[in-house]
Amino acid sequence: MKIYQKKIAAVLSGMMLLAGTVSLMPENRVFPSISMTVSAAEEDLPWSTYLKKSADWFGTSEATKVADQCIQFQVANEGGWQKGMLTSHTGDWAHSTIDNDATTSQIRFLMRTYNATRQQKYLDCAMRGVECLFKMQYSNGGWMQCLNTPGTYHAHITLNDAAYVHVLEIMNEMSKKSGDFTAVSDAYAQKAAASLEKGIQCLLDMQITVGGRKTAWCQQHDEKTLAPASARAYELPSICTSESAGIITFLYNYAKANPGRKDIVRSVNAAIEWFRKVTLYGIKFVQQGDDKVVVQDANADPLWARFYTLDTEVPMFSDRDSKVYYDVAQISQERRTGYAWYGNWGRNIIKLDLLPDDGGDAEVSDPVNIYNGQLIAQLKVLDSAHCANWNIEQNLQNGSAIFGDRAYTFESLPDSLKGAEYIRTACDSKSVSGNLAELTAAQDLSLIIMPDVRMVKYLAENNISPNWLDEYTRMDTKAFSSNGEEFACYRRDVKAGETITLGSNMTAQNCVCYCAAVVPMLQEETTTAVVTTTTTTITTTTTTVVTTTEKASETTTATTAAVVKRTMPGDADCSGEVDVSDAVLLARYLAEDDSAVITSEGKLNADCDGVLGLTNDDGIAILQFIAKIIQEFPDFVQIVEIH
């Protein structure tokens, strides 16, 4: 079953549970089958959010409660954790797994709780988890996706979603008794060092060779032959750019720290050269109505297909029939629009300097996680796992790509940001704990951080303070993406030569990572609002005072904002009635199902819980309305600026 289908079912299950009703389905209404095939959420604890908290927090009762749950739900006789720790699974998913950050997240959480409390039970539980990772490692060095699932896809060596890299990072820290693992014994440090070496060697052994040249890696490899292996029907054996970028970044940094490892140097250099070879120029993969198409554009940024053939190294595509196609237009619209077939994964990989391979003591250059712009003197990306998908871009416009690892673009931008220099971040950086980057200003500028509004609401609801945003001011404007996401705007003025830190996204739960833009320092504004309550029009007059050494001038501009009322609260699909299909559509949308399209009018209707922004609470309100738990939706209007 597709991941987003499980997410949809999880969202619906949560909505129904919180709505307090079990008989919401009208007579003759057929409920989608996805709700009947899954009984548990994939992730039922926000690990990425927890791992962003301060060291002191892990000594609180809230943290120790979670740590105690880790002990309680550790898989018996295995030592790892299931995907969705607090829920019951059957079949392969009843076993310990490294999929969806399971097991590695619990290990880190327990180690931090032990470091804060010094309660031995947490260290003991974490070490049982580490022992599970040792058990999940094959003699050839690779890690399986799930323990005790021989003969299935879950037994493959998996590189998907950085699972392999996450294990390597734990083994690397343990081997040096650093980071979260300063308290491990010397014996565990030695075992971790051996495991790390085997894991790296397996990567070198799995690197795909074409015509005598090393290229990159597949998403998963056969646990016995190490050959590229299939996953889902449309994920065939191939050379995969999206997964290989993270592998290259890890190996590059490891080779820097261990310059004598010429085998790693040669592997990394070959992969960098391969990325350069298969770069696609002059095309874009863009949204066109409810479809995605390839268009010619001589000024387009470099692009990479997600998959390349194992023989001719040309882009390949597939559908649910598991056949190979060489043109994305040949596959079904459902698959064409529901998968990231093209991306910018190699953008920073091709900028990496090749590592010295002369056998001498030449200094190893830094990986290109440092970028230079015009207003930004330097951007240093601290997220080494995803820095290949960051960059500084110019001339921000509607249609500009938001992330380096997603196909999302801006659909609607504030006029003040059009033409700006902007930071294209990695969406996957949302799951990284710690600071993401450091920015140094080349001149006085205004930095605009654009977080997902769902993240902003999540932090408020959970009383989490994004400390690094404390010095920013919330603006009255917003941005919107091609897939319907809404971004708030926060402003901070930065002086020339000043260096500031861009913190973490604070949560990866049902949201995307923030993005950013810079413009020459904005003038101070004073705003006087004239509101007429008897009409549906609000007129706002903004006076901007510009001061120079010679004279002061005053200009006045006017904007009009229309109060847009919902046509039918709860009617997400604009069918003219509120029923279960509206809750299902909203659940699909919130679960990031790209095929779930909600119109602008539908989004206004679906935003029906009385709080701005689409969340699970809106789905709960719809279900409660259907079940007659509530008789009407809270009153709410949305103001849209008209320039």
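Strand 15 and strand 17 (residues 421-424) pair in the antiparallel sense over three bridges; two strands pair if DSSP finds at least two bridges between them. The model is predicted: local features need pLDDT of at least 70, side-chain atom pairs count only at pLDDT 80 or more, and totals for chains, interfaces and linings use all residues. Residues are numbered from 1 along each chain as its sequence is written, and side-chain values use heavy atoms, with hydrogens and water left out. Helices (H or I, at least four residues) and strands (E, at least two) are DSSP runs, numbered from the N terminus.

- Asn-391 has Arg-424 of strand 17 as its bridge partner.

- Strand 6 (residues 283-288) and strand 7 (residues 291-296) run antiparallel and are joined by six bridges.
- Lys-284 has Val-295 in strand 7 as its bridge partner.
- Two residues lie between the strands of this hairpin, and Gly-289 takes a positive phi near 65 degrees.

**Helices 5 and 6**

- The axes of helix 5 (residues 104-117) and helix 6 (residues 120-136) come within 8 Å and cross at roughly 155 degrees.
- The two helices are therefore roughly antiparallel to each other, a term that applies to angles over 145 degrees.
- Residues making the contact include Ile-107, Leu-110 and Tyr-114 of helix 5, and Leu-123, Ala-126 and Val-130 of helix 6.
- By class, this contact has 11 nonpolar, four polar and no charged residues; Ala, Val, Leu, Ile, Met, Phe, Trp, Tyr, Cys and Pro count as nonpolar, Asp, Glu, Lys and Arg as charged, and the others, Gly among them, as polar.

**Helix 15**

- Helix 15 (residues 616-626) is mostly covered, with eight of its 11 residues buried, meaning under 20% relative accessible area (1.4 Å probe, protein chains only).
- Among the buried residues are Asp-618, Ile-622 and Gln-624.
- Lys-628, which follows helix 15, has a positive phi near 65 degrees.

Terms used. Axes are lines fitted to C-alpha atoms, for helices over the stretch in contact, and angles run from 0 to 180 degrees between N-to-C directions. Angles under 35 degrees count as roughly parallel, over 145 as roughly antiparallel, 65 to 115 as roughly perpendicular and the rest as oblique. Contact means heavy atoms within 4.5 Å. Buried means under 20% relative accessible area, exposed over 50%, partly exposed in between (1.4 Å probe, protein chains only).
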